[in-house]
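Trainee: Please take one part of this model and go through it closely, then place it in its setting.

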Amino acid sequence: MNRRVLTGRRLVALTSAAWLGAAAGVAPAMAQGTLRIAMTATDVPTTTGVPNNGFEGVRFMGYTAFDALVNWDLSSADKPADIKPGLAESWAQDKSDPKKWVFKLRQGVKFHDGTPFNADAAVWNLDRSFNKDSKQFDTQGSAINRGRPTYIADGGYKKIDDNTIEFTTTRPISYFPYVLTTIFYVSPTAFEKAGNWAEFAKAPIGTGPFIARNFKPRISIDLDKNKDYWDKDRIPKVDKVVLFPMPEANTRLAALRSGQVDWVEVPPPDSIAGLKGAGFSVVTNSYPHVWPWVLNTARADSPFRDVKVRQAINYCVDRDGLVTLLNGTAEPSVGFFKKTDARFGNPKNAYKFDPAMAKKLLAEAGYGPDKPAKGKIMISTSGSGQMLPLPMNEFLQQSMKQCGFDISFEVVEWGTMLVAFRNEPTASQAANSDALNISLVSSDVSMVVRWFYGDNSTPKGSNWGHWKNPAFDGLLAKMESAPNADEFNKAVTAMHEILVDDAPWVWIVHDGNPRAMTKRVQGFVSAQSWFQDLTRVSIK
Amino acid sequence: MATQDTIVVPTPDAVRRAEAGKGYWTRVRERLLADRVTLAVMILLACIVLMAVAAPLFATHDPLASSVLARLKSPGYNGHWLGTDEVGRDLYSRILYGGRLSLLCGVAPVAFALLIGGSLGLLAGYSGGMINSLIMRSMDILYAFPSILLAIAICGMLGSGLGNTILALTITFIPPIVRISETVTTQVRSAEFVEAARASGARPASIIRFHILNNVLGPILVYATSLISISIILAAGLSFLGLGVTPPDAEWGLMLNNLRQAIWVNPLVAALPGAMIFITSMCFNLTSDGLRTAMDVRI
Amino acid sequence: MWFFIVRRVLYAVPILLGVSMVVFVLMKMVPGDAADIMIPPEAPKEVADMIRARFGLDQPAHIQYLRWLQAMASGDLGTSIFTNQPVAEELFGALANTMKIALPAVFLGFSLGVLLGALAAYYNGSWLDKLFSGVAIAGVSLPHYWVGMVLVAIFAVSLNILPGQGMGPEGFPTTWEHIQHLILPVVTLSLIPMGVISRLVRANVLEIRSMEFVSALQAKGLRGPRVLLHIMKNAAPSALALMGLQFGYLLGGSILVETVFNWPGSGSLLNLAIFRRDIPVLSATILVLATIFVVINILVDVLQALIDPRIRR
C-alpha cells in the first residue's frame, strides 16, 4: 500500500518534470543550452555529407555533423587557420613516387549509428563521388566534391588494410592534404537502410561532434550534441544547435533583435553600431577571402591586357574609403594573401590610393585626359561572399574617375555571374566585360593554383581572366613538387610577389566576416577561416 | 499582387456614348473640371512627372556623386534636403532621377500593352470567328498565370534589367487589355450605327478609326491609368527581389531595396522611396477613379 | 447546369496544355542550366554531362517537353536538382505554409473589404465614405512588401511584441505562439484584397442602390439597414468571385511578403528556384500555381453561374 502511494507520487513528479521539459521545448527562446544560428544561406545546406550552399554550407553542415580525413584547426583567432588530422591520424607522401599518399585512419571512430569508420567505409565514401558504377554514386554530391579540384587520379584510391588507405594523384601535389578537407564521410550502413540519398538526407549519419536531426527543408535543422564524439576536447558544450536559413539581412537582424535567434551571420555593416548599442556583441576577424575584380586579359579590347593599366587601377582603389563605407567590417587588400601573412613576400608595388601614380602609369600605357581607360565590370546584385556589391562598386566607380578610369557596369544576378565565370572571358556569357567582381577563397595554396595557374584557364578551370605568367607557372610547378616545407614556402612567397606586381586582379578588400550574437553566447573563438568550431561555444 | 483586373462587365454605356456623338468629350471635360479631388491629384501627378522628367533642372546634387562620410544623413543635413542614401548620395536628387525610371516602368509597359493588346482586341472583336478564337484562347492561356507570377517568371528567366522588366510587365498586361478591347469592340461592332456605316460601304479601316476606336478608347484609358499604378508597384517589387532594374540607375524600388537595411539607422530616409512609390501609385489610382466617373465608364 | 460545368472543365484542358508550353518555353530561355550553376568549372566534363543526363537536359527540346508533360500529367513532379528531394514533397509542404497566411489574409481582406465598402456606399458622399474609400485606395496603392518591412521594424524590433520572421512551429496553428507568427504577414497580405474588394463592393452597392427594385423596397417602407441587406445580397456574387481570384493572386503573389517575413511558402520556394536555376522545382511550381489558379477560375465561374443563370450561355 505504502509502496503504491510512493510510486504514485513518483509518477506525478515524473510526469510534471516531463511536462516542464516539454514546456521548455515549446518556448525555444528559453531552452537551456540551445544555440540558434541564422545563416545567410537560402536553404538548409544539403545534409547528405556533401553540403551545398558553398563554404557556408561546409561551415554549418560539414564540420558539424561530419568529419573529413583532414580537418581544419579552428582553435585560434590569432593566425590563419591550418589543417590538422581528422579521420586520418597521419599521412605521408611516398618518397619514391610523389604521386602516392598513404593515410593512416584513426582507430575506434564510430558513426552516430554505432557502426565503425574504417578503410572500407572510407573507400565506400570515395566511390560515392568518384565511381559512377557504384550503387551509392551520388550525381549531385559528386558534382560538388569533384567541382573543387581533387587531383585524385582515375581509380586513385584503395584500401591497404583496415586502417590504411592509399591515394594516387594525377601529378605530384605537395599540398594534397588540403584538398581533402571538404570531402566528408558518412555511414554506409545508414545509406543501405535508407536506400537512396534523398531518404538518407532526412536522417543523416556521420562521425561529427553533432548529430543532425529534425531536418525541415528551407526552415531549420537541429544539430544535437554527440556526447560520444571521438575527439574528447571537442565534445559540444551546448546540447543543441538549431540552424535557420535567412538570406535576407533585414530578416536576420529582426530575428536577432527580437530574440528569435542568438547568432546571425553577416549583419549589414550599417546595423553594427546599433547592434552594439543594443547590447549585442559583434565579432569580426580577418579570414581568407578576397573581394577583387578579376581582370580580363584575353579580350582583344580589354585595357587590362597591359600590366601598367592593371597596376594603375590597383593604385586607384580607395580602400580606406571602402572600409569606412563598410563600417570597418573589412580590411584593405593589397594582395591575394594579407599583408601580415608570411607568404605575402616583398613585392615591388605597395598599393595604396595614389591617383598621381595611377595617372602616371596610365599615361605610360597611352591613356590620358582625352583618352580615359574604359572598363566594363560585371557585378552581381547579391551572392555568397559578395558583401554589398552595389554600393561598393558604385563607390569604386566614383573614386576611380579621378585617376582617369571610365568604369561602367554590367549588372547581373548571382547565377548569371557564376555562368560567366565558368566560361571563357571572350564568350558571350561575359558580355564583353573587362573584369568580374566575384569574391573568392584564399584559404591555401590550392586556391592559388585554382585561380591563377596558366593551364587552369576557363572553361577547363577557374582562371577566368586567362592571365598567364611563365615565371609564375614555373614557380608553381616547383611548389607542387617541393620536397620540403622550406622550398615549398619559398616558392609560394615568390609566386605571391608576382601576383601583386603583375596584378591579375584588382586587390580591393578582404572581408571581416562579421557575426553578431547575444551576450548569452560565450566562448566563441573567431578562427581566421571560412569555417568555425561550434563545439567550443556555450550559452548562458 | 496588386491586380484589380476585376471581371469585365459588358458596357452598354459604350453604345450609349457612341450614339451621343461629339458632345461626350465636352461633358467629360466639364465633369472633370468639377471634380476638385481628381483635379488636385492630377496636378500633383503632373508635378511629380515634370520634376522627374526635368530632373536635371530641379536636382540640387549629382545623383551619382557619393561620399562615404555623409552616409544615411537625415533630411536637412548639409544642404541635402531629404538626407543621403547608403553611399552618401543626395536622396532628393536621386528620388527625382529615380522617378524617371519608375515612371518609365509604370508607363512604358502599359503603353506597349495598350498598343499591342488594344490592336489584338480590336482585331479579335472586329473580325470575330477563327481569328477571334485564336487570339482570345491564347490570351486565356496567359490569363491562367496570376499576374505577378508571370512577371517574376519572365524576369527570372530572362534576367534582370530595365528592358526585361518592361518586357515582362508588358506581357503581363496584354491579356486584360485584349479582353476589354475585344468586349467593347464586339459590342460597338454590332451597334446600329456601325452596321449602318458598313451598309453604306465604309471601309473597315475607317469604321475602326471613326467609330470603334473612338468608343473603345475611353474604357481602355481608364483601365490603363489604374494599370500604371500596378505597373509601378510591380516594377518596384521586381527590383526589390533583385529581378528588376539594375544599378547604378536610380529607381525607387531599387533604392528601397538598397536602403532597407538602413531602416535601423535612419528609418525616415529608408522609408522615403517606398513613400514615393505609394504616393505616385495612389495618384494614378485616384486619377483613374476620377476619369472613370467623368467618362462614365464601367470596368 | 451540368453541361456548363463539364464544358468549363473540358476547356481547362487546352488552357493547361498551353500553360505547360509557356512554362517550358520560359525554362528554355534561361541562360545556362542548373548544371552550370551547380558545378564549379573544374568539375570534369563527365560530371557535368551526368547531371545533364540525369535531368534530361541533354535531350532535344521537344523530347524534353513531352517527357516532362508525361511526368507532370502522371503526378510525378520530378526531383530538385539542388536538394535531390522530390519536388512534390517540397512544393506541397510550401503550398500548405502559404495557405496558412493566404487563407486568413483573404478572409480578413474580404471581411474588412465588404464592411468598409458597404459602409462607404451606405454613407455615400459623407466623410466616412471619403475615409473608407481612401483606406481602400491606399490598400491597392501601397507596395505591401514595404509595409511588411515597416511593420517588422515597429512590432518586432521596436516594441518587440510580435515575431518578425519565420513560421514558428509547424502544423495547424493552435497555440498563441503559432498565431503570433501569423499576424504580421497576414495583415500585410490582406491589404490588397481589402482594397480591391472594398472598392468593388462600394461600386456595386452604389449601382444596385440606384436600381429600381431598391426604390420599390423603400417605397414598401423598408428602412436603411434592411435595404442594405437586400443590396448586399445582390452585390455578393461578384465580390465572392473577386475573392476567389484574389486568393489565386495571393498564392502566386505572396512571393514578396514571404521574402520579407522569411516565410517558407510557395513564393519563397519559387524565388529560391529562380536564383538557383532549379528548373524542376521552378517549372513544377509555376505549373502547379497556374493550375490552381485555373481551377479557382472554374470554381468562380461555376459559382457565378449558379447564382446568376444568365451567365450560362
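Predicted model: local features only at pLDDT ≥ 70, side-chain atom pairs only at ≥ 80, totals over all residues.

Mentor: The answer below starts with a sheet of chain A, then turns to a helix of chain A, the confidence and chain C.

Residues are numbered from 1 along each chain as its sequence is written, while chains are lettered from A and ligands numbered from 1 in the order in which they are written.

The sheet in chain A is open and has 7 strands, in the order β8-β9-β10-β1-β11-β20-β12, with mixed pairing. Strands here are DSSP runs of E with at least two residues, helices are runs of H or I with at least four, and both are numbered from the N terminus. Two strands pair if DSSP finds at least two bridges between them. At the edges are β8 (210-216) and β12 (281-283) of chain A, each pairing on one side only. On average, neighbouring strands of this sheet are turned by 20° against each other, direction ignored.

Within the sheet, β1 (residues 34-39) and β11 (residues 263-265) of chain A run parallel and are joined by 2 bridges. Ala38(A) has Val264(A) in β11(A) as its bridge partner. Helix α8 (residues 249-257) of chain A lies across β1, β11 and β20 (515-517) of chain A, at about 165° to β11(A). Axes are lines fitted to C-alpha atoms, for helices over the stretch in contact, and angles run from 0 to 180 degrees between N-to-C directions.

Elsewhere in chain A, helix α4 (residues 139-147) is largely enclosed by the rest of the structure, because 7 of its 9 residues are buried. Buried means that 20 or more other C-beta atoms, placed from the backbone, lie within 10 Å of the residue's own. Among the buried residues of α4(A) are Gly141(A), Ile144(A) and Arg146(A).

Chain A averages a pLDDT of 88, and 94% of the residues score at least 70. Over residues 1-31 of chain A, pLDDT stays under 50, and the model has 6 contacts beyond four places in sequence for them.

As for chain C, 41 of its residues are in contact (C-beta atoms, placed from the backbone, within 7 Å) with 40 residues of chain A. On that side of chain C, α12(C) gives the most, with 5 residues.

Definitions and conventions: Contact = placed C-beta atoms within 7 Å. pLDDT = per-residue confidence, 0-100. Buried ≥ 20, exposed ≤ 12 C-beta atoms within 10 Å, placed from the backbone.
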